[in-house]
Structures are given as C-alpha cells and as structure tokens.
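Here are some friendly notes to read beside the model. Have the sequence and the 3D view open, and take the points one at a time.

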Amino acid sequence: MTDLILEPLEILIHRFFVAYSGDVYLQGDYPWTANSLGLIHLTDGFGEPRLEDLYPEFLERNYLQKAISLERAQDSVTNAFSQKKLVTLEELIACFNFHYINDGFLSFLNPYCLICGLGQPKPSRDEDGLPSWEICDCCGAKAGIDDNDIHEIRIRRKEWLDGGAKWFKPRNKVLHWSPNEQLKNIPPEWL
Ligand SMILES: [Zn+2]
C-alpha cells in the first residue's frame with residue numbers, strides 16, 4: 001500500500017488525473033474548498049483493505065470522509081472533462097459531489113439552495129417532502145424554515161443580497177465565487 005499522503009485539494013486535483021484506482025478522502029463537509037485537505041488512497045484494485053478499516057482514527061482525527069471512488073468514477077469524470085481544456089475547481093468539486101451522491105449515499109431531489117443556489121450535500125426535502133433542516137453554508141437559510149414558499153424565498157434572497165451576499169460559513173467559500181453565477185443554479189420557477 002502507498003504511504004498516506006495528505007495534501008491541499010488543489011494539489012490533489014493534479015494527482016487525481018494520474019490515479020487509476022483508489023479512493024479520495026476530503027476534509028470537512030461539502031462544499032470543499034482549496035484549503036480543505038485531501039488524501040488519495042491508491043490501491044491495486046484487488047481487494048486491498050479500505051482505509052477506513054485500516055486507519056479509522058486517522059480519518060476521524062483529520063475529519064476526512066470518502067468523497068468518491070476513483071475506480072468507479074474514472075470514465076465519467078474523464079468523459080465530463082475531456083470536452084474542456086480547463087477544469088475549474090468548482091466543476092471538479094461538483095463532479096466529486098455528483099458521484100458522492102450517485103454512489104447511493106444520498107438521494108437528491110433538489111441539489112441547490114433555493115435562496116442562493118449553492119449546491120447542497122442533502123436534498124432540501126426527502127421523498128416524503130420532509131425538510132432536511134440543513135443550514136446553507138452560503139446564505140445561512142434553513143431548509144424547512146426559510147424555503148417553504150416562493151414569497152418567503154424571495155424575501156430571504158433579497159435580504160441576503162442586500163446584506164452583501166455574505167457567506168454564513170466564510171471558510172467554505174469557494175474560489176472565484178460569484179453570487180450571480182451561483183444564482184443561475186436556481187430553477188426559474190423559484191426566482
Ligand atoms: Zn443558500
């Protein structure tokens with residue numbers, strides 16, 4: 001097994017493209033930032049023990065969680081990015097998140113905060129329509145409290161924009177962030 005290597009997400013991205021088998025672990029909660037630490041665990045793909053089995057305390061101590069299985073995601077990630085010359089950090093993170101979700105960890109009804117448009121780790125509602133009660137890292141809105149109807153959503157969004165579109169959790173602010181770009185994620189019926 002390769003030695004454990006812990007490195008910032010930006011550096012990890014470069015390693016990502018040469019890794020063919022393994023898992024990526026990222027620090028903290030989505031959305032990850034360039035300052036988050038990442039770790040790639042390369043394997044030979046033949047039933048090597050999982051890192052969470054080998055070093056559970058290490059992962060816990062460093063707030064590392066598995067983001068994606070490179071092995072399974074390789075083709076779709078390569079396909080997604082081969083059409084572009086440059087891949088932004090946001091796109092890569094979105095792709096990580098896409099696979100994270102599609103690996104069956106989460107069901108995903110509405111991936112974006114209806115107030116600010118930030119991608120969310122959990123759907124705002126489950127299949128039965130029950131709120132997640134999650135607080136958005138960007139605008140600070142709470143699912144189930146601030147997003148119950150279009151009227152409420154518009155008021156909350158205006159307050160957030162009038163207040164300078166500040167991040168509720170500034171340390172999770174993404175690189176080259178633009179509130180206007182992010183707002184485009186919101187389906188038109190919620191604008
Ligand atoms: Zn939000």
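1. Let's begin at isoleucine 115. Leaving aside residues up to four places away in sequence, Ile115 touches Cys136, Cys139, Ala141, Asp146, Asp147, Ile153, Arg156, Arg157 and Trp160. Here a contact means that the C-beta atoms of two residues, placed from the backbone, lie within 7 Å.

2. Ile115 also belongs to the largest nonpolar core, a group of eleven residues. Its other members include Tyr112, Leu114, Leu118, Cys138 and Trp160. Such a core is a set of buried Ala, Val, Leu, Ile, Met, Phe, Trp, Tyr and Cys residues joined through C-beta atoms within 7 Å. A residue is buried if 20 or more other C-beta atoms lie within 10 Å of its own, exposed if 12 or fewer, and partly exposed in between, with C-beta atoms placed from the backbone. A second, separate core has ten residues, among them Tyr25, Ile40, Leu64 and Ala67.

3. Before going further, please keep in mind what kind of model this is. It is predicted: local features need pLDDT of at least 70, side-chain atom pairs count only at pLDDT 80 or more, and totals for chains, interfaces and linings use all residues. Residues are numbered from 1 along each chain as its sequence is written.

4. How confident is the predictor? The pLDDT, its confidence in each residue from 0 to 100, averages 72 over the chain, and 60% of the residues score at least 70. Among the elements, H5 has the lowest mean at 52, while H6 has the highest at 93. Over residues 100-109 the pLDDT is below 50, and this stretch has 13 contacts in the model beyond near neighbours in sequence.

5. Now for the whole chain. Seven helices and four strands make up its secondary structure, where helices (H or I, at least four residues) and strands (E, at least two) are DSSP runs numbered from the N terminus. Their order along the sequence is β-α-β-β-α-α-β-α-α-α-α. Of the 191 residues, 28% are buried. Among contacts between residues at least 6 apart in sequence, 58% join residues at least 24 apart.

6. Helix H6 deserves a careful look. Its 13 residues, 150-162, reach 18 Å from the first C-alpha to the last, close to the 18 Å expected; that expected span is 1.5 Å times one less than the number of residues. Which residues of H6 are buried? They are Arg156, Arg157 and Trp160. Seen down the helix axis, the buried residues of H6 fall within an arc of 100°, so they line one face; the arc is taken from the directions from the axis to the C-beta atoms. The face turned away from that buried side carries the exposed His151, Ile155, Lys158 and Asp162.

7. Finally, check some backbone angles. Most residues other than glycine have a negative phi. Tryptophan 133, in the loop between H5 and H6, has a positive phi near 65°. Trp133 counts as exposed because it has 11 C-beta neighbours inside 10 Å. Just after H6, glycine 164 takes a positive phi of about 95°, and Gly164 is exposed, with 7 other C-beta atoms within 10 Å. Alanine 165, in the loop between H6 and H7, has a positive phi near 50°. Ala165 is partly exposed, with 17 other C-beta atoms within 10 Å.

Key. pLDDT = per-residue confidence, 0-100.
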